[in-house]
Amino acid sequence: MVVQIPLKYKTSSGAISAVISSILEARNLIIICGAGVSVSAGIPDFRSSQGLFTTGALSKDLLDANVWKTTTKASSLCKTLAQMHQKCSQASPTPFHLALKMLDEKGGLLRVYTQNIDLLESKAGLSFGIPQMHSLQEMPRCIPLHGTLETLACIKCCYQSPLHLHVSTLATGCLPLCPACEQIEHERRMSHKRPRASGTLIPTIVLYGQTHPAGDNLAQAILSDADGDYTKAKPDVLLVAGTSLKIPGVIAAVHKFAQVVHSQESRSEYRSIYLDKKPPSSKWDDVFDAWVSGDLQIFAQHLIRSFSHQFDKSIDDAIHSKDSTTISILVQDLPSEAMSFLKDKKHVLLDIEHPFYIPEI
């Protein structure tokens, strides 16, 4: 049975504090994000009362894999994606995204899997991308499950191009022609060879019914994170936020990670947590321990504040200690006594984009 934990704006209950403690104390935290985490940044979701599907601003059939075969639908989707790209480009990370970065810097965040195509996790400072199979490089901290609005790719060849270079073309309802294919066709004409049609560039997002071009890489990443290996332990806490859990692949991943976290020895009261305004359906009763019902951004602020309080204690301990241990901190203003302490220590302040986030000293 999933325990409902209402979220209040100014105060956090004992149950909310227990949930936050589970997250902050996790050694290998998995977070799966949906569109709900980006709504406050001005990017609409799909299924809420103001979502694109609900309001009719976007028809679900426009996100079908066959959309590019129909001129009218393809034109409508091109215009919609041009508008979405503009919103995503102008959007800034929300408190939830900044909390993700905080957890990353703190340590204990194993992976973020995002269903969103807006790149706000990357803007918040998380390493971002699709992991490469059999690569010796460390996997990105955030992995996009459904592609992004960052690039266009040719449907005939492997050519890719930044989407922002073609927004004006998309806004007219047209797909850009592939310049690589066009160059080949020019050379064929010069050689008096039979002409062939050039490919078109389409956004690198994954539509309904479409086989994910990097599906094997994603599957390997999920299995690697779930099973652990000699370099990392298995996940011990799962947080699912801002998603209605309608996509089969995401459903499978949530089941997999929930099974793993519940198999681990842990002092955490809540190991599998669902965060959203709407409740999960009854089919998730054996998957989630808690449903935190409320605004995701308010929860993020509680999470940041709780970590800030932990820092206050850490800095107090450091001030009265002769040890110059490295401390990770997140505060609104660095206390004057802390600055006095730091003047006598060897330390480095890292340049960062967010004004109140100091990752290490």
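In the protein chain, residues 24 or more positions apart account for 66% of the contacts with a separation of 6 or more. The model is predicted. The protein chain has 11 helices and 12 strands. Of its 361 residues, 47% are buried.

**Confidence**

- The average pLDDT of the protein chain is 85.
- A score of at least 70 is reached by 85% of the residues.
- Over residues 322–361, pLDDT stays under 50.
- For that stretch, residues 322–361, the model has 66 contacts beyond four places in sequence.
- Where pLDDT is low, the predicted coordinates should not be read in detail.

**Second largest pocket**

- The volume of the second largest pocket is about 510 Å³.
- Its lining is made of 21 residues.
- Ser135, Leu136, Gln137, Glu138 and Met139 lie nearest the centre of this pocket.
- Two elements give two or more residues to the lining: strand E3 (109–114) and helix H8 (215–227).
- H8 supplies the largest share of the lining, with four residues.
- By type, the lining residues are eight nonpolar, eight polar and five charged.
- Rolling a probe the size of a water molecule over the atoms shows where empty space is left.

**Aspartate 104**

- Helix H4 (residues 95–106) holds aspartate 104.
- Aspartate 104 has a relative accessible area of 17%, so it counts as buried, the cut-off being under 20%.
- Leaving aside residues up to four places away in sequence, aspartate 104 touches Leu109, Leu126 and Arg141.

**Cysteines**

- A disulfide is a covalent bond between the sulfur atoms of two cysteines.
- How many disulfides does a search of the whole structure find? The search finds zero.
- Cysteine 142 is buried, because its relative accessibility is 0%.
- Cysteine 154 is in no disulfide either. Its nearest cysteine sulfur belongs to cysteine 157, 3.6 Å away.

Note on methods. Residues are numbered from 1 along each chain as its sequence is written. This is a predicted model: local features need pLDDT of at least 70, side-chain atom pairs count only at pLDDT 80 or more; totals for chains, interfaces and linings use all residues. Side-chain values use heavy atoms; hydrogens and water are left out. On a 1 Å grid over the protein atoms alone, a cavity is a set of points where a 1.4 Å probe fits but cannot get out, and a pocket is an open set with protein on both sides within 12 Å along at least five of seven lines; lining residues have an atom within 4 Å of a point. Grid points are joined across faces, edges and corners, and a volume is the space filled by probe spheres set on the points. Ala, Val, Leu, Ile, Met, Phe, Trp, Tyr, Cys and Pro count as nonpolar, Asp, Glu, Lys and Arg as charged, and the others, Gly among them, as polar. pLDDT is the predictor's confidence in each residue, from 0 to 100. Contact means heavy atoms within 4.5 Å. Buried means under 20% relative accessible area, exposed over 50%, partly exposed in between (1.4 Å probe, protein chains only). A disulfide is a pair of cysteine sulfur atoms within 2.5 Å.
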